[in-house]
Amino acid sequence: MKGLAPDYVYTPQGLIPDQVVSVSDEGVILAIANRDSGVAITEELPGMVLLPGFVNTHSHAFQRALRGHTQRRLSANDTFWTWRNAMYAEAQRLTPELIYEHSKQVYHEMLAAGYTSVGEFHYVHHQPGGRPYDNPNILAEAVVQAGRDAGIRVVLLLTAYAQGNFKQPPDAHQLRFCDRSLDAYLARAETLRTSGIPFGVAPHSVRAVPAKWLTAIADYSRQHQIPFHIHADEQRAEIEQCLAAEGCTPIELLQRCAALGPLTTVVHATHANAREIELLAQTGATICVCPTTEGDLGDGIAPYAELRQANIPLTIGSDSNTRLDPFEELRWAEYSARMRYQRRRVLVSDEMASPGPLLFAYGTRYGARALRLQSGQIAPGLAADFIAVDLNTPALTGWTPEDLLDVLCFGTAASQVIKQTWVQGQKVWSYI
Ligand SMILES: [Zn+2]
């Protein structure tokens, strides 16, 4: 058993001084008790506050290899789609060894940034040309092993891909992503799910799989109560193509396929309209926003005020891993909303005066819920996933208990303040 003794701990009841957080040998939080309660202290954390670790709900680990290399001119008019060509070229180069190396490196970076869990939206499955490896899950297993070796909790979101666009065959670059049939995909999913790893299913998008795949995969997700994640409404072109092919918008198509519900996380929803927002709210779905990637790719700004009004839970994802800093993702969610609506304090909860607590919840417990994890808060029975923040760093000078989360979200970078990261009761990263 461990007993961690920071100056403060952030619990569902707020920021409390002089507590000991006791953790079982299995890495589960047992209790939060006063220092004088007699609980054995095994690690003093002087000058630090213990906060729940962040949950990165949406990552494509290998895209870390593109960081800084897609900013120059790729075509006469660079867009998401020309960036995608560069990404496809990178995906062609991957081997089991390379995907392991990219993943391990980016997972170390995530731990340093305070992410303790990651939903890995994994879609490169087969050999160049599309032929499965002898072990058809070898690339997925390489990603899982990289997470294990780095010390982060990976929830493998196995991506389904079948076509290049609505009712169009895949192009040469997409063959690596595609399974030959729904049954082949579900067989791979079943092997991974029953291996005991944290697992979910993820049709890539409404354009990348036929509608009947969406229905079947959503059924599978409900049957096993596992997460169902999907990209939707990131680009206006996808919405126009969906209207032309299916006569409805992407989120309406998900509803038609019975693929919206509490297990569903829609990634981006940047251009969701009022009807789609209503459907997401009615069905209890979550939205994962990825502000640094959405900015990098020129996607647009999510309709944050309408999402907040509809009380839709938001989570954050580092997506293309061009930047790893949960405070920056949360800050840019709120800042881009301010720019869109030309007012301040958009992402605030009804009972709280400032955005910090709600933003922090998006980054932690809402993310844990979207990945079906027992974590995201410091409370008994949940996984001991923590970050230790140094209250004496210059970026935090002047902090008060009332506004600590606002100071962190609006005034710091993760690399300035996070000194330790703990996953399942183990210290997996510390500042040297
Ligand atoms: Zn993505």
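## Histidine 58 and the zinc site

Histidine 58 is buried, with a relative accessible area of 0% (buried is under 20%, exposed over 50%, partly exposed in between, using a 1.4 Å probe and protein chains only). Keep in mind that this is a predicted model: local features need pLDDT of at least 70, side-chain atom pairs count only at pLDDT 80 or more, and totals for chains, interfaces and linings use all residues. Residues are numbered from 1 along each chain as its sequence is written, and side-chain values use heavy atoms, with hydrogens and water left out.

The zinc ion picks up His58 (NE2), His60 (NE2), His231 (NE2) and Asp319 (OD) at 2.1 to 2.7 Å. Donors here are N, O and S atoms within 2.8 Å of the metal (3.2 Å for Na, K and Ca), and since water is not among the atoms, sites may look incomplete. The four donor atoms subtend angles of 84 to 170°, so the arrangement is irregular; tetrahedral would need all angles between 85 and 135 degrees, while square planar (four donors) or octahedral (six) would need opposite donors over 155 degrees apart and all others between 65 and 115.

Along the sequence, the donor spacing reads H-x1-H-x170-H-x87-D. Histidine 58 sits in strand β6 (residues 54–59) and aspartate 319 in the loop between β13 (314–316) and α11 (326–341), so this pair ties together parts 261 residues apart in sequence. Helices (H or I, at least four residues) and strands (E, at least two) are DSSP runs, numbered from the N terminus. Aspartate 319 counts as buried too, at 3% relative accessibility.

## Ring pairs

Rings of Phe, Tyr and Trp (its six-membered ring) pair if their centres lie within 6.5 Å; planes under 30 degrees apart are stacked, over 60 edge-to-face, and the rest tilted. That rule gives 14 aromatic pairs. One of them is tyrosine 10 with phenylalanine 360, edge-to-face at 5.7 Å centre to centre and 90° between the planes. Tyrosine 10 is in strand β1 (residues 2–11) and phenylalanine 360 in helix α12 (residues 356–363), 350 residues apart. Phenylalanine 360 is buried, at 1% relative accessible area. Ring pairs also join Tyr10, Phe54, Tyr115, Phe327 and Phe360 into a cluster.

Phenylalanine 80 and tryptophan 83 make a tilted pair, 6.0 Å centre to centre with 40° between the planes. Both are buried.

## Charges over rings

Lysine 419 has its charged end over the ring of tyrosine 431, 4.0 Å from the centre. The criterion is NZ of Lys or CZ of Arg within 6 Å of the ring centre and within 35 degrees of the ring normal.
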